[in-house]
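Dear colleague,

Please find the structure below. My notes on it follow, and I would be grateful if you read them with the model open.

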Amino acid sequence: MDMTFVIYKLILCVVILLLSLVIAMYATLAERKIAGFFQDRLGPNRAGTFGLLQPVADGLKLFMKEEFMPANADKILYIMGPSLTMLVALLSSAVIPWGGSLIIAGKEFALQVADINIGVLYVFAVISIGVYGIMIGGWASNNKYALMGAVRAASQMISYELAMSMSIVTIVMTTGSLSLNEIVAQQHGMNWNVFTQPIGFVVFVICAFAETNRAPFDLPECETELIGGYHTEYSSMKLGFYLFSEYINMFISSAMIASLYFGGYNFPFMDDLGLSHNMITIIGTVVLFAKISFFGFLFMWIRWTLPRFRYDQLMRFGWKGLLPWAIANMIITGFISLLIKNNFFAFLTK
Amino acid sequence: MLSQYLFFFLSFVAIVSALMVLLSKKPIHSVLYLTLTFFTLAGHYILLNAQFLAVVHIIVYAGAIMVLFLFTVMLLNLNIEGEFQKSTIMKFIAAIGGGMIFLVLIGTLKSFDVATVGNPELTQIGLVKNLGKTLYSDYLLPFELSSILFLSAMVGAVMLGKKDKQ
Amino acid sequence: MNQDSTKISLTNRSKMVSNKKMTLIERFYLPAIFKGMSITMSHFFRKETTIQYPEVKRPFSDIYRGLHVLKLDDEGRERCTACGLCALSCPAEAITMIAAERKEDEKQLYREEKYASVYEINMLRCIFCGDCETACPKEAIFLTNRIVPSEYKRTNFIYGKDVLVEKADARVDVSKRQTPEVLEFKKDKTKSHNK
């Protein structure tokens, strides 16, 4: 294996890992700030200018807190829960294309850790095992509220995965590829999937909210009913891991929404600017992060606007609301793409 | 040879965790060990260059079925005291049944020609495109039949889940 | 206006619950969600109502009922005579005191022959109603527009004379509280609590 290849992948891995951690850190601050602004408050502003050191203070506080473990907890699984959640949250960033490619010294370096030909399915697999951390942690706490949270998380995840996969399948049908890199590359310029798949987009966004356990779907941690849900018994950095992985999940979900529906690193008129290849890539990455920030903001905006679902409403919405829409969208898309393939619309262009 | 070491490592973990499924005292641990076994099997698929199968295996088995298992076991809150005692005749029948399946497995493995597998890195059959083409051309009928089977299972589940009108 | 005479509405703002069937657009919920989001967004750009406390202080009213002060008279003598009316009038029973007799050499310290050697207010019990101020016949205790700071221990909230009595070199101005009406009211000995 080429040594430069190894070093470049290593650098990319480290950069993406650190980036997701730092972004998750500052997402906590952004969440509190934005919540403040939505409620005519200021949000945290004491630690550093504009509260910029607040995440550091929060992290330090969590590290200093007492490590508590319930007496009858399953020791190994109790520790495994948050670790698994964190691991799974970080896993899916591997296949997201963070930008085009940089050409340095005649060699092309793609800004994607692993361009596997089943990238979409990989992300989907990672999402589907994401619930294990919550379930294990909730069960191992030996607390009925935690168990209730875990059970809720499991049923919610399974229910919304279906509609989510259906909307992804529609994307796969139109693009004809399971590789995320290919899907993003096909949305070159302004050919974003959101224009051809508006229903799929809405379904995907709603499911993304449910999969990340964010309001209005935060029933697994629902404070008013379940105290803290699956992390009721957790303290110190184990709790920190749970809270932190929620923000990483949010970041990754935003990146997925941006990549699948909003063209990823593509931006309008990218061919007409007359810039060099590397310059386009750098601007593209910046554009991608702007899109991610927008969707992150959307996540928070929704959270501080909508009240929480009731549990039966959640289930009814998932199975009787989203799933039929997703399936209908899939059938319509299949029908139309079949017509296009058979030149049915040729009379329009005549 | 890296893939060989990986194969031995995965096989070891698979066998140990499969044994632990049977030996664990808590049902939850059994379920989690079973999940681990599925992950190692997915690793084997990747070693055979069948990425699609590996990922689908994780999505379907680890991501959906085992979550449901875990869900059920958590809700039922099974433990050793609650386990009902099986009669001797039941145990006897179970032992005979299990032994016969074991015999069939050994018989199948004995008649199986290992050399036909070929070099996994050269076969591209595990990739999505080839797999899809094979499924929808050579194996179209079994594929459709199994989908009908799934549909009937789904309809049956819905029927069972429906509230009794009376 | 609700014509049903059995249901009396004082404010006339109550809305009757209706379980009407939602229209198709309403059942999509998205328009309602967007409406809610536009409301929160309008708040996003609104001016924050936060007052950044230690740097900026909310202006208090002159008759704000905050931390008590035990006044000294013009010659710097304590006005309180430990009559106990404040303790008696206190609805929260926050005030306790021990009376003592003034010695010959303490005339410059206490105005009356009897004074409070111990005067304690439990700030956790106090509800800042101002009844002690109204009850006091000697105009010794007043509530001021200062606030009671937070503490780490419950015992620290029992304020003694060291905190309550105003310092001779740092008088607390309570003249704003003593409006002519108040002074007139206090003169009236026919009122039961002034007897």
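In these notes, contact means heavy atoms within 4.5 Å. This is a predicted model, in which local features need pLDDT of at least 70 and side-chain atom pairs count only at pLDDT 80 or more, while totals for chains, interfaces and linings use all residues. Residues are numbered from 1 along each chain as its sequence is written, chains are lettered from A and ligands numbered from 1 in the order in which they are written, and side-chain values use heavy atoms, with hydrogens and water left out.

Chains C and A

Here 17 residues of chain C are in contact with 17 residues of chain A. The two chains bury about 1,500 Å² between them, 67% of it on carbon and sulfur atoms; buried area is the accessible area (1.4 Å probe) that two parts lose on being put together, summed over both. On the side of chain C, the most area is lost by C:Met37, C:Phe44 and C:Glu48, together 36% of what that side buries.

The count of salt bridges (a side-chain nitrogen of Lys or Arg within 4 Å of a carboxyl oxygen of Asp or Glu) between chain C and chain A is 1. It joins C:Glu55 to A:Arg46, with the closest N and O atoms 3.2 Å apart. Helix α2 (residues 30–44) of chain C gives the most to the side that touches chain A, with 8 residues. Helices (H or I, at least four residues) and strands (E, at least two) are DSSP runs, numbered from the N terminus.

Chains A and B

At this interface, 22 residues of chain A are in contact with 23 residues of chain B. Chain A and chain B bury about 2,000 Å² between them, 81% of it on carbon and sulfur atoms. Between these chains, 0 salt bridges are found. On the side of chain A that touches chain B, α4 (119–129), α5 (131–140) and α6 (144–175) each supply at least two residues.

Within the chains

Helix α11 (residues 236–261) of chain A has 26 residues and reaches 38 Å from its first C-alpha to its last, close to the 38 Å expected at 1.5 Å a residue; the expected span is 1.5 Å times one less than the number of residues. Of its 26 residues, 23 are buried, that is, under 20% relative accessible area (1.4 Å probe, protein chains only). Just after α11(A), A:Gly263 takes a positive phi of about 75°.

In chain C, C:Asp73 is found in the loop between β1 (68–70) and α3 (85–89). C:Asp73 counts as buried because its relative accessibility is 4%. Leaving aside neighbours within four places in sequence, C:Asp73 is in contact with C:Arg79, C:Arg111 and C:Arg171.

With kind regards

Key. Buried means under 20% relative accessible area, exposed over 50%, partly exposed in between (1.4 Å probe, protein chains only).
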